[in-house]
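Please look over the sequence and the structure below before reading on.

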Amino acid sequence: MTTRRFFLLSGTALLGATVLDRFTRPGFAAETETFEVTKTEAEWKAILTDDQFRILRQEDTERPFTSALNNEKRKGVFQCAGCDLPVYASETKFDSGTGWPSFWDAIEGGIGTREDTSLFMTRVECHCHRCGGHFGHVFDDGPQPTGKRHCINGLALKFVPATAA
Ligand SMILES: [Zn+2]
């Protein structure tokens, strides 16, 4: 009985330490992150569709296999649908089979990340570096060379095909 109680207490202490570590780790400061482009809710609603607004500004997720960008295979750049910042290049796009546009890397300076503990999971959320618009999540089961899978809402992006030189 004493032993069982000891282990229960140890487990609680361990959980406490893990939670503390999460909040004290450097870089976990999404709430204080500031963005170059900021707009009021009304201003965002004026330039985004309802679905885009729900995803970019309220972190909603589009239904899988609904984005035309899933099958986009042309060369070009994927920009943030909110502020036009180039965030993903066609060279890093791959077919993950998940139903969401997927990339193994972002354009340098394109995205920011933070830990997302919603839905009883710990995931890495990614968003536009310039306006903070939510894109999707980054997972560790992607292809080489990075091993990352950026699982992105197609509605959060706009594709700009490369122009023939
Ligand atoms: Zn943006």
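What does the accessible surface of the protein come to, and what percentage of it belongs to carbon and sulfur atoms? The surface amounts to about 10,400 Å², and 57% of this area belongs to carbon and sulfur atoms. The model is predicted. Its average pLDDT is 87, and 79% of the residues score at least 70. Over residues 17–30, however, pLDDT stays under 50, and the model has 8 contacts beyond four places in sequence for this stretch.

The secondary structure comprises 3 helices and 9 strands, in the order α-α-α-β-β-β-β-β-β-β-β-β along the sequence. Of the 165 residues, 36% are buried. Among contacts between residues at least 6 apart in sequence, 55% join residues at least 24 apart.

The count of salt bridges comes to 11.

| Glu41 | Lys45 | 3.3 Å |

Glu59 is partly exposed, at 35% relative accessible area.

Glu41 and Lys45 both belong to helix H2 (residues 41–47), 4 residues apart, or about one turn of the helix. Asp51 and Arg54 are 3 residues apart in helix H3 (residues 50–56), so about one helical turn separates them. Together with Asp60, Asp51 and Arg54 are linked in a network of salt bridges.

How values were computed
Residues numbered from 1 in each chain as written. Predicted model: local features only at pLDDT ≥ 70, side-chain atom pairs only at ≥ 80, totals over all residues. Heavy atoms only, no water. pLDDT = per-residue confidence, 0-100. Contact = heavy atoms within 4.5 Å. Helix = DSSP H or I, 4+ residues; strand = E, 2+ residues; numbered from the N terminus. Buried < 20%, exposed > 50% of the residue type's maximum accessible area, 1.4 Å probe, protein only. Areas by Shrake-Rupley, 256 points an atom, 1.4 Å probe, with all protein chains shown as cover. Salt bridge = Lys/Arg side-chain N within 4 Å of Asp/Glu carboxyl O.
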